[in-house]
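The sequence and coordinates are shown first.

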Amino acid sequence: MAQDAKIMAAAHRRFQADREARQAELERRIEEIHRRLPRVEAIDRELGSTAARLVLAAFEAEGDPGPVIQELEKTNLALQRERAELLVGAGYPYDYIDGAPQCARCQDSGYLPSGAPCQCLTAYYAREQNRRLSKLLDLGGQSFDTFSFDWYSSVAWDGYGRSPLENMEMIREICGNYAHTFGPRSGSLLFTGAPGLGKTFLSACIAREVSDHGFSVVYDTAAHIFQQFESGKFGRENPYEEDPDREINRYLNCDLLIMDDVGTEMLTSFVQSAFYRIINDRLISRKKTVLSTNLPVEELGQRYGEAVLSRIRGEYQILRFFGEDIRLLKRDR
């Protein structure tokens, strides 16, 4: 599972800040309780000396230190009960000043003994990634649960053999299964069809679901992507104030690249070459891609070359959108 180093660094900063905030809150609670309940402070000091007392007992005991250790354990249990009763009697939860880690798997370190990120840190990564995706996609309002079929006609269209509604029910199910089961064995998708049929909405649904599972997701428009490739190749001024080499690395190596508005950019021989590189490199490295275009599949071959078209036809699941423009329907209603 590839993870963007910059996003992970931001996620780790938020993770660390939250951990420090929890520690500060715990210290505030301890200070409050010790001020209000001096006996609890005395118990905490006594319990804190348990380890030293156990070591001392082991040295001082003649023969078997077991009985002394058992007596210490008995005393500690009595102190813990008294402590809990004092807290509850004062109106606090019995564990109000206990510093148990929030994550038992990694003890709030963010990493497992193997060095892999823990699920708790991965959740921070997903949220940070979604923040960045949300700058381009309405992840807050676009999800599979909110997808509506109300705008699609149930009347069959000539040449398609089904209605726009039947077609979208099929596409919605395919996209939902794709997002829910995304992994190394997933394929790539091509959305093709006229504007206003839900291609970007479903792209956002997929991006949100896959990101929530901890995979690295990059969503961008074709025009922006090709701008980064041109800046990296020719050293041209980058109006987006981004490091083109880093952005290119993200495009080529993220777990899922969602490339929107393919075919709206100005076509040059360099764009053709860059598009072939994106398609080919990601197929070779088994990275997954979702392409979205208003162009028919045949026009992709005319625009980008037969080599690109062959790879798309051979390796992508092609989903054809058709129906009336939903944006216009909403405007006129």
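The axes of helix α9 (residues 244-253) and helix α10 (residues 269-284) come within 9 Å and cross at roughly 50 degrees. Axes here are lines fitted to C-alpha atoms, for helices over the stretch in contact, and angles run from 0 to 180 degrees between N-to-C directions. The two helices α9 and α10 are therefore oblique to each other; angles under 35 degrees count as roughly parallel, over 145 as roughly antiparallel, 65 to 115 as roughly perpendicular and the rest as oblique. On the α9 side, the contact (heavy atoms within 4.5 Å) is made by Ile 248, Tyr 251, Leu 252 and Asn 253. Helix α10 contributes Arg 277, Ile 278, Asp 281 and Arg 282.

The model is predicted: local features need pLDDT of at least 70, side-chain atom pairs count only at pLDDT 80 or more, and totals for chains, interfaces and linings use all residues. Residues are numbered from 1 along each chain as its sequence is written, and side-chain values use heavy atoms, with hydrogens and water left out.

**Overall composition**

The protein chain has 13 helices and five strands; helices (H or I, at least four residues) and strands (E, at least two) are DSSP runs, numbered from the N terminus. Of its 333 residues, 42% count as buried, where buried means under 20% relative accessible area, exposed over 50% and partly exposed in between (1.4 Å probe, protein chains only). The protein chain exposes about 18200 Å², of which carbon and sulfur atoms supply 50%; accessible areas come from the Shrake-Rupley method with a 1.4 Å probe, and for residues only the protein chains shown count as cover. Among the contacts in the protein chain with a separation of 6 or more, 74% involve residues 24 or more positions apart.

**The sheet and its helices**

Five strands form an open sheet with parallel pairing, in the order β2-β3-β4-β1-β5. Strands pair if DSSP finds at least two bridges between them. At the edges stand β2 (217-221) and β5 (316-320), each with a single partner strand, so one side of each is left without a neighbour in the sheet. Neighbouring strands of this sheet are turned by 15 degrees against each other on average, direction ignored. Strand β3 (residues 256-262) pairs with strand β4 (residues 288-293) in the parallel sense over five bridges, and Leu 257 has Thr 289 in β4 as its bridge partner. Two helices that pack on the sheet are listed below.

| Helix | Strands touched | Angle with β5 |
|---|---|---|
| α6 (residues 164-180) | β1 (188-192), β3, β4 and β5 | about 150 degrees |
| α12 (residues 306-315) | β1, β4 and β5 | about 90 degrees |

**Selected residues**

Asn 167 lies in helix α6 and counts as buried at 2% relative accessibility. Leaving aside neighbours within four places in sequence, Asn 167 is in contact with Arg 162, Arg 320, Phe 321 and Phe 322.

Arg 29, in helix α1 (residues 5-36), is partly exposed, with a relative accessible area of 28%. Not counting residues up to four places away in sequence, Arg 29 touches Tyr 96 and Ile 97. The C-alpha atoms of Arg 29 and Ile 97 are separated by 6.1 Å, although the two residues are 68 residues apart along the chain.

The structure holds zero disulfides, a disulfide being a pair of cysteine sulfur atoms within 2.5 Å. For Cys 205, the nearest cysteine sulfur, that of Cys 175, is 8.3 Å away. Cys 205 counts as buried at 2% relative accessibility, and Cys 254 is also buried, with a relative accessible area of 5%.
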